Structure formats: C-alpha cells, structure tokens
Amino acid sequence: MFVTRKSLVAFFAVGFGCCLLFIIVVNPFDKYTSQIGTTNIFLSPSPTESSKVKTKSEDISNSDDTGNDTETVSVTETVEKETQPESSKQEETKVIDLALSSPQPSTTLYPRGKGPESANQEPKHKIPDSNLHIKDTQQVLDFVHHQCEKFNQTTALPGEAKKPRLLIVPKNWREHRILYASNPKTGSTSFKKWYCRIQGDERPYASITNVHAMGKYGKFNEVFDWVEEDLGREAQLIDAARPLYKVVAVRNPLTKLMSGFRDKILRRTKTGIKEPMLQYNPDLNINSTDAEKYAAFVEAVVNRKIVNMHFTPQWQKMKVCDFPYDMIMQTETTNQQIKEVQKKTHTEEFEFPGSRSEQGYDSVATVHLAHEFYSKVRPELMEKLYHYFRWDFILLGYTKLDNPNFPYLDFDQDIDKEFGDYVKDEVKVGEDEPASESPSANT
C-alpha cells in the first residue's frame, strides 16, 4: 500500500494525542512523583494522599461552685481520617468531657506543645499504691476530732453544728439519704455527676454537663420541713443532718492547689499567666514552663494577691471541726471509699465516675508531677506555703512533699515536729489551758 507523507504525520499525531490523554486520565506515574516529591501541574492530587483536619470548640466558664455559673462543659475534637473517595469518606467525632478529663499533658517539663512526648519520659517519682493508704472511716474521724480539740479549733457548742460552704441532697433523698458537702478540686464534679445518675439520669457520664447548677438537685430545706414534722418544733442544722449520711471529700493541699492552678489558670487563660503572677516573676511569658508559672502563682496565692475559693485552705470552709460528718473521704482514695458510701446510702447500683487519671487524660495527683511543679518553688516560699495551709495538714493528717507517703494521710508522722513551727505562736489547748485563750486561726 502506498503511504503518503501527510497520512504518516496524521497517524503519529493521533498516537501522541492518545498517549497524552492516557497520562492525564490514568496518571500511571503518580506513585513515583509522590515518592520523589516533584510537583506536576498536569496531574490531579492523588486520592490516596492523607490529610487531617482538626477543629476544636471550647465553651468553658468559670464557676464558683454555687450554681450561679456552669463549669466544665466539653471539648469536641473532629478528626477526619485518611482522605478517601467521596463515597466512602467518614468522620470520627471524639467527645472529651472536661468534667472527667483535662487537656493538659500529664507532665509539663516543657511548655505546652513543646518538647518530647511525655510518654517517652520516665517519671522520677512514682505515686504509691493507693490501696496501701486507705484509712478506716472511724480512724479518720477520730484523728480529726482529736486534732480539732488539741488545737482548739472546735467552735460549735455541744449539740450544735456549723454549716459547711455547700450542702447538697439528691432529689430522691428520702430513698437515698445522703448529704454531700461540696469541696472544690476534690472530685466534686464526679460526685455531682453521680448524684445525677442517682436521680435517674441514665446518659453516659460524658454527656452529663452543667453539674454545678444547684437547681439540678434536691432542696435541703425540704429535709428541715420533714424533720420538723417529726420533732414538733423548729429544726436546727444538726437535726436536719442527723438522718442523712454526711460526706465530705478532702485532698492534700499541695496537689489540690496544683489542680486549681492547672484548671483555673493554665486551661482558662491564653498564656497561663494572671497579672499578679508577673509581680513575682516579670520575665514570665507564654513560652515559660508550667512549673515556672506555678512558682509565681504560689507566691501570689500565699501573699493574697490571687484570692479564689479553689486556692484557699479547706478545713475551715468545710467545717471539719464543727460538722458531724459520717465520712471524711480522701480524694486520693475516693474510688475505694465510695463503696462504703454506696452501701450506707443504698446506691450500689449506680456506678461512680472514674477519676481523671483513670480516664487516661490527666495525672493531676501524681507524685512526679508534684515534684516537677514544686521544684521551681524556692525553699523559703515553700515554708510560707506550708504555713498558709498549716491547718489542712495538722487537722487532716496530710503529708509534706518529702514524706514517702505523700500525698496520702499519715497518722504516724510527728505532727508537732513537722508543723509545730507554723503554729508555735498560736496557743494549744491543754488540760490546764482554757479554750478562750487561743486566738482564732484565720487563714
């Protein structure tokens, strides 16, 4: 067959066009170009390339734990998995309840988001086994009562009681006769979530929010009315409290203050710094470590430059010497002690929320974190801090940072030796010393 030059050119033109169309549509070189990092403006992005999209919305308002505001709502993180064709693209939504968890890292040797992952760091100080530090309920009550009398801190008259800062009953208190005294930064959020469950809220604990609104719970005044019908007279606080199982949770002042700092300062401010802290360390900035910020925070607290109920001694506002508690529970061993509360109040069927550290999000009470934070606190400032919280240590039996039993109770420690210097100017009650001679212990 005779082939003309024009037909030969047309043949090759059509062949070249087909090859170019094949490259554009099928893209057989994509895997090679992606490996060597080249950019081809003719090729569309590979559908196998992965990308992650993360959005965070936060709605947190400060709460005074009185019900006027809500505390800890939730943080929602949306993570898009490996990009897939539109027909199979899926989104996974993970809801983290801040009532049970904190976005703060478990260790903060470095500023947030900087430095190696905490998982790769071996903690220098490991928390003792909490099961070895559970105290008998009556033993705790006897110790506290003895200390209150010894140091003349009992001010209620015999047969009377003084009201702790916040007393809460569930709506169905007639069925479950429990009275809870809410102490900030001792697991009060978990306790109130548990109250909601007792009252019939069957949602997952992560979905139960706004727990600090007191309208959610029963009215303690109804207990007074109920008691008065039986007494035939006006009921006093001790009368209304008598038929209820009375519980308060307390915590080592050092870890309690640290928890308050991480929650109210680090998590709720952009820089992790409040203005009074700059008075004590003007060089603080957003890149300062959390431990450096904490040292300035401690100094501001002990000098009364930062005043907040979350950062103040707990013994007085919770009236540990003047209210007839049935249990003074320790935050450090709540998960073990709550079983006794459940038995006494017929609430065994209602599971108690796990602690933050159990949820895997936080280790706010761990020994290694406390040692890290307090490593930046000067020795003379540490002494001021012990003095500021002296009655929490003396009356409740809590331990200093260097005690091997820290942060638990230790009734065998020499209280006078450890804390005597902090109260040497305050008169103790002895057999021959009238109580009226002791000055009031203002903290």
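Which residue is the bridge partner of Ile178 in β6? The partner is Tyr245. The points below set this pair in its context.

1. Basis of the note. The model is predicted, and local features need pLDDT of at least 70, side-chain atom pairs count only at pLDDT 80 or more, and totals for chains, interfaces and linings use all residues. Residues are numbered from 1 along each chain as its sequence is written, and side-chain values use heavy atoms, with hydrogens and water left out.

2. Helices (H or I, at least four residues) and strands (E, at least two) are DSSP runs, numbered from the N terminus; two strands pair if DSSP finds at least two bridges between them. Strand β6 covers residues 245-250. Strand β5 (residues 178-181) pairs with β6 in the parallel sense over four bridges. Strand β7 (residues 327-330) also runs parallel to β6, and four bridges join the two.

3. Burial of β6. Here "buried" means under 20% relative accessible area, "exposed" over 50%, and "partly exposed" in between (1.4 Å probe, protein chains only). Six of the six residues of β6 are buried. Tyr245, Val247 and Ala249 point one way from the strand, whereas Lys246, Val248 and Val250 point the other way. Both sets are buried, and Lys246 is one of the residues concerned.

4. The disulfide. A search of the whole structure finds one disulfide, the term denoting a pair of cysteine sulfur atoms within 2.5 Å. Cys148 is joined to Cys321, with an S to S distance of 1.9 Å. The bond links distant parts of the chain, 173 residues apart: Cys148 lies in helix α3 (residues 137-150), and Cys321 in the loop between α10 (314-317) and β7. The torsion about the S-S bond is about -75 degrees, and the disulfide is therefore left-handed. Cys148 is buried at 1% relative accessibility, and Cys321 is buried at 12%. Cys196 is likewise buried, at 5% relative accessibility.

5. Salt bridges across the structure. A salt bridge is a side-chain nitrogen of Lys or Arg within 4 Å of a carboxyl oxygen of Asp or Glu. The search of the whole structure finds 12 salt bridges. Lys185, Asp263, Lys264, Arg267 and Arg268 are linked in a network of such contacts.

6. Glu418 and Lys400. How far apart in sequence are the parts that this pair ties together? The side chains meet in a salt bridge at 3.8 Å, N to O. Glu418 lies in helix α16 (residues 415-419) and Lys400 in the loop between α15 (390-396) and α16, so the pair ties together parts that are 18 residues apart in sequence. Glu418 is partly exposed at 29% relative accessibility, while Lys400 is buried at 11%.

7. Two further pairs. Arg233 and Asp239 form a salt bridge at 3.1 Å, N to O. In this pair Arg233 is partly exposed, with a relative accessible area of 42%, but Asp239 is buried at 7%. Glu380 and Arg378 also form a salt bridge, their closest N and O atoms being 2.8 Å apart. Glu380 is partly exposed at 46% relative accessible area, and Arg378 is partly exposed at 38%.
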